[in-house]
Amino acid sequence: MNGAALLSVEGLVKHFPVQRSLFRLGRGTVVRAVNGVSFELRTGETLALVGETGCGKTTVARAVAMLYRPTTGRVRFRGQDMTRLRRRGLKAARRHIGLIFQDPLSSLNPRLSVARLIAEPLAIHGIGSSRQRRERAFELAAAVGIAIGDLDRHPHAFSGGQCQRIAIARALASDPALVIADEPVSSLDASIQSQVLNLLIDMKERRGLSYLFITHDIAVADAIADRVAVMYAGRIVEFGGRDEVFHHPVHPYTRALLDAVPQLGGDRGKARSEPTEPPSATSSPSGCPYHPRCPKAQALCKETMPDLTSPGGGGATLAACHFPD
Amino acid sequence: MTRFAVTRAIEGLIVLLVMSFVVYGLIGLMPGDPIDLMIASNPKLTSADAQRLRALYGLDRPILERYLNWLTAALQGDFGYSRAFARPVLELIGPRLVNTLVLMVASLTVALIVGLAAGLYAALHPRSLIDDLIGYLSFISISTPTFWLALLLMMLFSVVLGVLPASGMPVGADTGLGERLRHLILPVATLSLASAGGYTRYMRAAMIETLGQDFIRTARAKGASEMRVVLRHGLRNALIPVITVIALDFGALFSGALITETMFAYPGMGKAIYDAIMANDFNLALVTLLFATLTTLVGNFAADLGYAWLDPRISLAAGRAGT
Amino acid sequence: MTSLDPAAPTAEDEAVGATGAGMLLEVQGLEVTFPTTRGPLKAVDGVSYSIAAGQTLGVVGESGCGKSVAALAILGLLPPPGAVTAGQVLFAGADLVRLDRGALRRLRGDRLAMIFQDPLSALNPVVPIGDQVGETLVIHRQVAPSLARKEAAALLRRVGISDPDRRITEYPHQLSGGMRQRAVIAMAVACRPALLFADEPTTALDVTVQAQILDLLDELRADTGMAMQFISHNLAVVSRLADEVVVMYAGRIVERAPTNELFRHPAHPYTQALIDTVPVKGRRPLGSPPTKLASIPGQVADMRTAGPGCRFAARCPQAAYDCRAAEPPLREAGKNHWVACFRAAT
């Protein structure tokens, strides 16, 4: 768990301009999806990026893979600054990153057979002969639990859980060091969710992978993460080990988020929800973006954006709050 | 809403300006200028005369300079003289434009009423006998060429039955309204039948799509009657995509009008454009072609306004851009 | 195939104060069939349950188990070509299945209401919120539209939307996800229904908003005395609201018990597995690395090709020969606790 940094993200900012009419009469607005995010992901760990809709977690994941070019900031992966890489360098670096998305069916090309889908990253990077690639697809299919006899079928013949297995096999084809999984189990049924999570845990142990795991589901993050980053309004508000963040949260938002998760059995009708809603990405409040919803907010919170620092100095947990618990 | 309209109007003007330059340039690039035609028709003209005439008309100047001169005059309302008809262009075009607009508006109205009603009926009774019948009829309408339909209607109503005039709409203002209407029936029938089939298909598809939406289920869950579900919740949403298609179709309606006019010898813009280009009549051709552009732009503009009126998400999105 | 469960209305359910005669809704042997190219598909296959006035029944199951289809069938909202092929649904003395369309329509939105998963798509994008919320009053109470709009503002205030006078003139896209679902709820309770069907009403929402909506629903239920059928794939969400829970698998009810009883003593292997497999915050011990979760092997079998036995048998760790030979009937496993399993202890 205490490996070296495989991935380090520094001051990542991503703004999306909102385009207007043909001649751009009128000023366009900007969606501030990510507003300065920094973190390190160590070799062999699973870092869960959690937060609610629109908090910027998916944008961070895509910027790390350079699917979006960051507006500013650096993304160091295996010692290379990804933001400086162009076509060939980027393609070479991407070989070491596997991607898994939320909707398994739409992320698989419906015209390709499963064998070709799984071997696609190998074909893209020109690894091996077509025969070797097919053999590799066999191997991966067996590892993720897809029957060899099904390899010549097409994605629509499979259930959601099986499609996600295929997507995992594809993500692992080029032997990546890092796998970015964006809500990989969110669209799956409960009994299938745990199957796929188990597969991810299994693959990580066997292949020494590192995961950047994006999820809105606290329970899923709790099950799979070594460390957790909680995002709110494009920023990380709390960062630390899974035990600390989920059992001793220091940021009021983390606390509210954890309290909102319904528990199995027993807390019927327990009222405790807060009445407010997440901010929009086009107009963020001044100071700490959480202050309009925060029960502890004071004058300072409306004026100054708190830095992500260690409360009290010594602890391993970082929080962006003027008045942490 | 106002801001939205103003923005679109300014965009339209810019498009018109660009188009005027393109059209001017294209006509300028055509082989032979009016003086060449004069020489061809009058062998007594010497090349020295030609030089003088070119200087007189400014045809020896570079094209950009000529364009700017034309534009300056045009902005002051002077679109020049038609050489072929020896009258000011605007005076010549005025009544023809009215005729074309009458034809287009009447045809569009008829086509919309027929098409939307048939499409709506078909959508509410999918896979019924009448739906099938409407389907066949609309495909016939879509695949029949306008000129052929015109000939067919002429054959039937003018030649065989002899109840309607086939051509020769009088130009003068002194003609009675009844006589004008009689002359309009066949062209309008041709043009509207040609587009009604398309509208029917769009309307049917859009309505079926809309009726499958979640909010229709919500309306039913509220206990809304089928009538209320269709008219209050379905129709307005279904019209949104239909309006777009009609707007895109506006250009086709215009060119359809030109063909129909030619077939029925109807004195509209179609004939004017044809004559102007054949006679190499610079000023007339320019203005008629620009009117064609303008018609399409106005159609799109009207569609945008209709769109914004039907769909609150549109106008508000544009309104927010200004803040 | 239809298993009419004679004991279905657990009339003696004293915990929720219900009496046999006082059942608000009684579903008996409901069967819903969709004709498909590969034969008829019974999406709901002999389902019986009942809800007492003021009670919340949770219906839990994975996608395709028939939990939503059953609710749509009760309200006569089945998408064609789906149809109720057997059973009856008694509500206020009438059988909803045999009621003519007009009479059922007059109950919908008035005595029976339903809310859906995605509030954005459930609202008409081109009609102002106020008109949509007040529409049930226009339909069922013959209230003038202008008056209904005013009434809508009061309803929006009731469900916790601030500045309701402005909101009634706005359109769905101008509201946040949580506010939209509040508006949908306001719309559903406008006529003070006796029974509200809530089909995954918080699944499309963020977790903090979800908690607010659950609170609101429970509060409204307590205030108005309406009963609720709360449908969800999420056991934890259901446990938050329901007095009693029904677990469905492949079109059938496999277990039914008061909420606390179900989570403490799940009797059906599927319920047990479902409770064990759902990722729950805090299940993994502190300080332990990520370890594998319990999981149910395989996937739901195609109901068209399923054999005669228990539909969970192929995935069940306890399945024996008899499980594949015949379908286990619902039998009593404890007080008010019913289970459809041969292996379950009774």
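First, the ground rules. This is a predicted model, where local features need pLDDT of at least 70, side-chain atom pairs count only at pLDDT 80 or more, and totals for chains, interfaces and linings use all residues. Residues are numbered from 1 along each chain as its sequence is written, chains are lettered from A and ligands numbered from 1 in the order in which they are written, and side-chain values use heavy atoms, with hydrogens and water left out.

Now the interface of chain C and chain A. On the chain C side, 49 residues are in contact with 50 residues of chain A. Contact here means heavy atoms within 4.5 Å.

How much area is buried between the two chains? About 4,200 Å², and carbon and sulfur atoms give 51% of that. Buried area is the accessible area (1.4 Å probe) that two parts lose on being put together, summed over both. Three residues stand out: C:Arg240, C:Lys281 and C:Arg284 supply 18% of what chain C buries against chain A, more than any other three residues.

A salt bridge is a side-chain nitrogen of Lys or Arg within 4 Å of a carboxyl oxygen of Asp or Glu. Here C:Lys292 meets A:Asp202, at 3.5 Å from N to O.

Which elements of chain C touch chain A? Helices H7 (177-189), H8 (207-224), H9 (235-241), H10 (259-264) and H11 (269-277) each give two or more residues. Helices are DSSP runs (H or I, at least four residues), strands are E runs of at least two, and both are numbered from the N terminus. H8(C) gives the most, with nine residues.

Over to chain B. Helices H1 (2-29) and H4 (63-75) of chain B each give two or more residues. H1(B) gives the most, with eight.

Last, the backbone. A cis peptide bond joins C:Pro80 and C:Pro81, with omega about 5 degrees. C:Pro81 sits in the loop between helix H1 (67-74) and strand S4 (83-91) of chain C. In chain A, Glu183 has a positive phi, near 50 degrees, though A:Glu183 is not a glycine.
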